[in-house]
Amino acid sequence: MSVSSIMMSSHWGREVRHKYAAQGSKALAVIFPGQNYSAERSLLDYAGKVAAEHGCDLLILEYGYQSARAGFKREELDIVVEECKAALGAVAEYEQLLFISKSMGTVIAGRVAAELGLQQKTAHLYLTPLAETVPWIRKSRGSVIYGGSDPMFSGQHPAEISGLPNIRVYRIDDANHALEVGSVNESLAVLLVIINFYHEFFRDALEA
């Protein structure tokens, strides 16, 4: 596997460094981090490793404000979406796309797929989505994993995505917005369950 960096200028005045790992695949997995949840943290790090195990090329996005170590304002979301679209445009075209996203990244991933007209060839793995992700989930195919004790996705929101024909929904009881539970050992056991869900997602998406 060859690993390189895609360097691009950013609205925040710092170059962003998108990591691109290629192994000659026809499928590209793209990691969309959360607002304050980087691609190096466990949920996304292991998702990228599982993607590689299933033979996918990998693009790990970095947001401009993250590179600049700046605060993020929600009105800047459109800028982040545009910069992510530019990053996707910098790599070769793939037959199949797998978008793996966390929290705010789920909104960005949904928008990028829709605005670039990529929904037909994209499978989504939405991790801890937000309420505003629901319309994008309803137009997608793939999987959703959320925590039963996540205040960012509660009340009627899970019901709004239940029963969709193209979406598998996994609820982790008592898990918070990081999909962690009470103790470290319990959280590690939950992480193993989640990784098995990842394998299931990639098997389903790549065989479709």
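Helices (H or I, at least four residues) and strands (E, at least two) are taken here as DSSP runs, numbered from the N terminus. By that count, Ser187 sits in helix α7, which covers residues 184-207. The structure is a predicted model, so to speak of local features a pLDDT of at least 70 is needed, side-chain atom pairs count only at pLDDT 80 or more, and totals for chains, interfaces and linings use all residues. Residues are numbered from 1 along each chain as its sequence is written, and side-chain values use heavy atoms, with hydrogens and water left out.

Starting with the overall picture, the protein has 7 helices and 8 strands. Its radius of gyration is 16 Å, close to the 17 Å that the globule rule gives for 208 residues, so the protein is as compact as a globular protein of that length. (The radius is taken over C-alpha atoms, and the rule is 2.2 Å times the number of residues to the power 0.38.) Along the principal axes, the C-alpha atoms fill a box of roughly 40 × 40 × 35 Å.

Of the 208 residues, 53% count as buried, meaning under 20% relative accessible area, with exposed set at over 50% and partly exposed in between (1.4 Å probe, protein chains only). As for contacts (heavy atoms within 4.5 Å), residues 24 or more positions apart account for 70% of those with a separation of 6 or more.

Now for some individual residues. Ile145 belongs to strand β7, residues 142-147, and counts as buried because its relative accessibility is 0%. Leaving out residues up to four places away in sequence, Ile145 touches a set of residues including Leu125, Leu127, Tyr170, Ile172, Ile194 and Phe197. Tyr65, on the other hand, is 80 residues from Ile145 in sequence and 26 Å from it in space, C-alpha to C-alpha.

Back in helix α7, Ser187 is buried too, with a relative accessible area of 16%. Its side chain reaches the backbone nitrogen of Val181 at 3.0 Å, a polar contact (a pair of N or O atoms within 3.5 Å; within protein, one must be able to donate a hydrogen and the other to accept it, and residues adjacent in sequence count only if both atoms are side-chain atoms). Setting aside neighbours within four places in sequence, Ser187 is in contact with Glu180 and Val181.

Gln66 lies in helix α2, residues 64-67, and at 17% relative accessibility it counts as buried. Beyond residues up to four places away in sequence, Gln66 touches Pro33, Gly34 and Gln35.
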